[in-house]
Structures are given as C-alpha cells and as structure tokens.
Amino acid sequence: MRSVICVKGLSVAYEDKLALEDVSFELREPAFLSVIGPNGSGKTTLLKALLGMVKPLSGTIEVLGYRVPGREYEVRRRTGYVPQRERIDPTKPVLVKDVVLMGRIAKRGWGKRLTREDYEAARTALEVVEMEEFWDEPFSHLSGGQQQRVLIARALAVQPELLLLDEPLSGVDAATQDVILKVLREEAYKGVTVIMVTHDLNPLLEVSDYVMLLNRTVVAFGRAEEVLNEYLLTKTFMRRVSVIKADERVIISGVDHHA
C-alpha cells in the first residue's frame, strides 16, 4: 500500500538561503497533520513543495503516489489548497459562486465547460461551511471570516484527497474558527488527508492526529502527546514555551502569535 505522502531529505533554497533542510516525514494513511513552527521556519515552503510550486534543491517528494516535481498536475487536481491571507481584488465583480467554482475549474482543467455536476459540487461545498445563502452575493461584501469559509469551500469543491491549508484560522472570529475545525475534522474522518500550517496549536490539539514541529528542519514528528512537550517546543521556537495540563486539557503558552 502506497503512502499518502513520503518526503525524504528535502531541501529547498531561495537564491542562496535555505528555507528547508533535510526534511523527512511520511504519512502512511489519511490523517490530520498540524505543522507548527516560528515565522520563517519553512512551513509555507513545505506546502508549496508538496504541490510542486517550488523546486527542491535535493531530496524526493511523493504525494498520493505521484513524484513531485514531475507529476504535480495530477497532485493538484486531487488537492484542495487554501493559501495564506489570499485576497481577491475587491474592485472585480466576483460573486461567491464564482470563487467556489474556481475549485471545479482547477479539477477539470482550464477551458472545459462547467457542468451541472460542477455547480452541485460547489453548492454542496458552500453548504458544508454554512455559507450556502451567499451563493449570489459579491465576495467583496463578506467579512474576513466569511471570505475564509468561501475559500475553504473552493478547496472542498475539488472533492480532494488532500487538503493543504496555510494559516486558515488567522484573523477569523471564534464562530468561523469552530466551523472550519469542524469541517476539517469531518473531512479527515471521511479519509481526506488534512495538512494545516498554523501559528497557534491550541485549537488543534483535539483534532490533530499528528503534529510536526518545524524550524527549517523537522524538530519532531509524531502523535501530539509524543511531541508536545516543553523541551521540543522550546527547541522549535528557540524561546521558553510552557505546556500546562489542567482538567484533562493541555494548553500551550509562550508561542508568538505571529509564529
């Protein structure tokens, strides 16, 4: 049985500066993976490398059975991607349905006519994130949290095997955060692999199957209870991080909000 993702010895550089160095990890089966690390630790670069958007300096990447780079088109057709802080030009008359249907276009390929099936998939994706009533609304009229839900619906409209999300909880209200986490956990239950980059691990402690601590290289990778200790977190963030256990809950403090 092939792994969902297998990365070995991955290094990525921008000009002469290493963004990732000798990164290796493997997800043998669908799971929810949270990637956490300080600002500039290579989290976004890792997601882009999985999609073939940046070229490795060395190492190998295999996603959903395809080698990347080389077969990135096949990977992207099967992947829902939510980039960090994406903004759609507010001066353009883009409706919510147009944004979500972009996910179907990405799946089918540019130039192909949208079908009834595509529209149904887009509507279903909006329903999942509780935004179906905004189908014909201008995207620019929505709040930041509502826009983020629509962007996640666009990723879901792909009907993905893999979901990659870069800081999807950043700057959203508590209600939106709850909806997003509920949706992502349900997708993981369905067998979709979810990889989320985040600056705040606390909301994800109860939904993550695995956690990666990343600071240019992998500091730790494993089950949350195995890697979330003060020593490894302090090593990752290079500052004192506290792990507080109370009433069967774990709270992590000392992680920079912008990490």
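Contact here means heavy atoms within 4.5 Å. This is a predicted model, in which local features need pLDDT of at least 70 and side-chain atom pairs count only at pLDDT 80 or more, while totals for chains, interfaces and linings use all residues. Residues are numbered from 1 along each chain as its sequence is written, and side-chain values use heavy atoms, with hydrogens and water left out.

Start at Ala121. Leaving aside residues up to four places away in sequence, Ala121 touches Arg104, Ala157 and Gln159. Ala121 sits in helix 4 (residues 116-128); helices (H or I, at least four residues) and strands (E, at least two) are DSSP runs, numbered from the N terminus. Its relative accessible area is 10%, so Ala121 is buried. That label means under 20% relative accessible area, with exposed over 50% and partly exposed in between (1.4 Å probe, protein chains only). For a sense of distance, Ala121 and Glu226 are 105 residues apart in sequence and 38 Å apart in space, C-alpha to C-alpha.

Now for the neighbours of that helix. Two packed helices are described by the angle between their axes and the distance between the axes. Axes are lines fitted to C-alpha atoms, for helices over the stretch in contact, and angles run from 0 to 180 degrees between N-to-C directions. Helix 3 (residues 96-108) and helix 4 have axes that come within 9 Å and cross at roughly 125°, so the two are oblique to each other. The cut-offs go like this: under 35 degrees is roughly parallel, over 145 roughly antiparallel, 65 to 115 roughly perpendicular, and the rest oblique. The contact involves Val96, Val100, Leu101, Arg104 and Arg108 on the helix 3 side, and residues including Ala121, Ala122 and Leu126 on the helix 4 side. By class, that contact has 8 nonpolar, no polar and 4 charged residues. Nonpolar covers Ala, Val, Leu, Ile, Met, Phe, Trp, Tyr, Cys and Pro, charged covers Asp, Glu, Lys and Arg, and the others, Gly among them, are polar.

Helix 5 (residues 144-157) and helix 6 (residues 174-189) pack at about 15°, with axes 9 Å apart, and are therefore roughly parallel to each other.

Six strands make an open sheet in the order 6-7-8-3-9-10, with mixed pairing; two strands pair if DSSP finds at least two bridges between them. Strand 6 and strand 10 (217-222) are the edges, each pairing on one side only. The twist averages 15° from one strand to the next. Helix 5 packs on the sheet, touching strand 6 and strand 7, and its direction makes about 160° with that of strand 6. Helix 6 also packs on the sheet, where it touches strand 3, strand 7 and strand 8.

Finally, how buried is strand 7 (residues 162-166)? 5 of its 5 residues are buried, so strand 7 is largely enclosed by the rest of the structure. Leu162, Leu164 and Asp166 point one way, Leu163 and Leu165 the other. Strand 7 pairs in the parallel sense with strand 6 (residues 79-82) over 4 bridges, and 5 bridges join strand 7 to strand 8 (residues 193-198), also parallel.
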